[in-house]
Amino acid sequence: IHLCVAARAHRKKDVTLGSALALAVEETTPAMVTSALTTAAALLTLAAAHNRGFKEFGLIGSAGVLLCLLSAELVIPPVWGVIDRIRRDTKPLPIPSDGFMAKYGPLIAVAIGIGLCGLFAWRAPSLVFEYDLRNLGAPPRANTKSIPYGQALRTGRGTTPAVLLADTEEEMRQTHRFLKGRKLGTDGQPADETLRDIVTIETFIPPQQEEKLEEVERLRSLLRPRTLRRLSDERRQELDELVRLSRADDPITFEMLPGWIQRTIRERNGDVGEFGFLYVAGRHTDARESRVLQEAYGNMQFGEGQPIRVASSPFVIADVVYTMIADGQRMAIMAIVAVILLLLIDLRSLTATIACFSALALGVIWAFGAAEWIGWKLGVFNMLVVPVAMGLGIDGSVHVYHRFKRKGSEFVKRPLGATG
């Protein structure tokens, strides 16, 4: 666009076609190269992301920008020559007016800019990050009702438990007792209301069964028929279930369990009792709550053994969200540094660099303030757009400054019409 506008302007001054194209290339190439390099550098910062999709997008995008620059310099001049031979536009360029807008237009623009800057600069710091992935989806349909999973299942447990992985059955039993105590509250600590249930081998095969069988035998001796006959009918009915349970003579073994329970605690290789399930309440789509759970249950260790490994989809959500936040912040800084360095190399002036970058910073403040004003938030889907926007947003400032440096007072009269 800049190359075509410059060539058209020279051609309307009755300059030969070759001279017009040569002057246009000479005038616009420095700004076009700097703009392309800042955009490519900003896109290349995506290569530092952990997400493979963003890495490939950054590499392909930066290469595409540079190839488009090369294509513009090589293709536009001959294409323009063919078009000029077919139809030549010789209308004179409009002469700037000395009316009201010519005199006071810049002042009005500055006043509007200061007002918008004050408004959006006030709102921009309030822009927040959306941690709950559920709020990033499509809005619910009107006049529709949904039933939460917990209510549908008539249980407080979630449908996606965390998986506990231990190296031995004894480690898993220690984990079960630790979590059980945490759920009920021990050693003066309050009960953990977020911990809903623990399902491990200890849930179905209790420990110390020999000692417990001795107690069962003692209880059975107390519940002999001769003793029960002395009690009232109502009292005997209350003890019937206890009498039935006291008939147990053998410890519970894995083979005695129903098939669905065996499948729950047995691995494919035949190992039994080395993994379990942890049900925790909370909004698992919210990365902040998932991170709290990850810190609470993600690093449990007993004795000299390896830490108990916990696998859970909420933990993955927390890792993804916080990794992308860190990537976005790091790449934004890298994009700022790259843009400033390229401006210094091209403009060779600290004052000009500050002026061009100030326009970019002001645009970012406006964008953040406007987003907060209309209720938008930063999120995992738009966080990484910020460094790319910095590389693209500096292009206008670069072209305006180069035209100003070349045209001087003539540019002041027609800044937009002379820039393209």
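Author: The protein chain exposes about 26100 Å², and carbon and sulfur atoms supply 61% of that. Keep in mind that this is a predicted model. The chain has 17 helices and four strands, and 34% of its 420 residues count as buried. If you look at contacts with a separation of 6 or more, residues 24 or more positions apart account for 73% of them.

Now for the helix itself.

Start with α12, which covers residues 287-297. Here α12 and α13 pack at an angle of about 115°, with axes 8 Å apart, and the crossing is left-handed. On the α12 side, the contact is made by Ala287, Arg288, Ser290, Arg291, Leu293 and Gln294. On the α13 side you'll find Pro314, Phe315, Ile317, Ala318, Asp319, Val321 and Tyr322. Sort the residues of this contact by type and you get eight nonpolar, two polar and three charged.

Next comes α16. Helix α13 spans residues 313-347 and α16 spans residues 395-407. Their axes come within 12 Å and cross at roughly 15°. Angles under 35 degrees count as roughly parallel, and α13 and α16 are therefore roughly parallel to each other. As for handedness, α13 passes α16 in a right-handed crossing. From α13, the residues making this contact are Leu343, Asp346 and Leu347; from α16, they are Val398, Tyr401, His402 and Lys405. That contact divides into four nonpolar, one polar and two charged residues.

There's one more helix to bring in: α15, residues 385-393. Its buried residues are Val386, Pro387, Val388, Met390 and Gly391. Those buried residues pack against α13 and α16, and also against α2 (17-44) and α14 (350-373).

Key. Residues numbered from 1 in each chain as written. Predicted model: local features only at pLDDT ≥ 70, side-chain atom pairs only at ≥ 80, totals over all residues. Heavy atoms only, no water. Axes fitted to C-alpha atoms, helices over the stretch in contact; angles between N-to-C directions. Helix = DSSP H or I, 4+ residues; strand = E, 2+ residues; numbered from the N terminus. Parallel < 35°, antiparallel > 145°, perpendicular 65-115°, else oblique. Left-handed = near helix turned anticlockwise from the far one by under 90°. Contact = heavy atoms within 4.5 Å. Nonpolar A, V, L, I, M, F, W, Y, C, P; charged D, E, K, R; others polar. Buried < 20%, exposed > 50% of the residue type's maximum accessible area, 1.4 Å probe, protein only. Areas by Shrake-Rupley, 256 points an atom, 1.4 Å probe, with all protein chains shown as cover.
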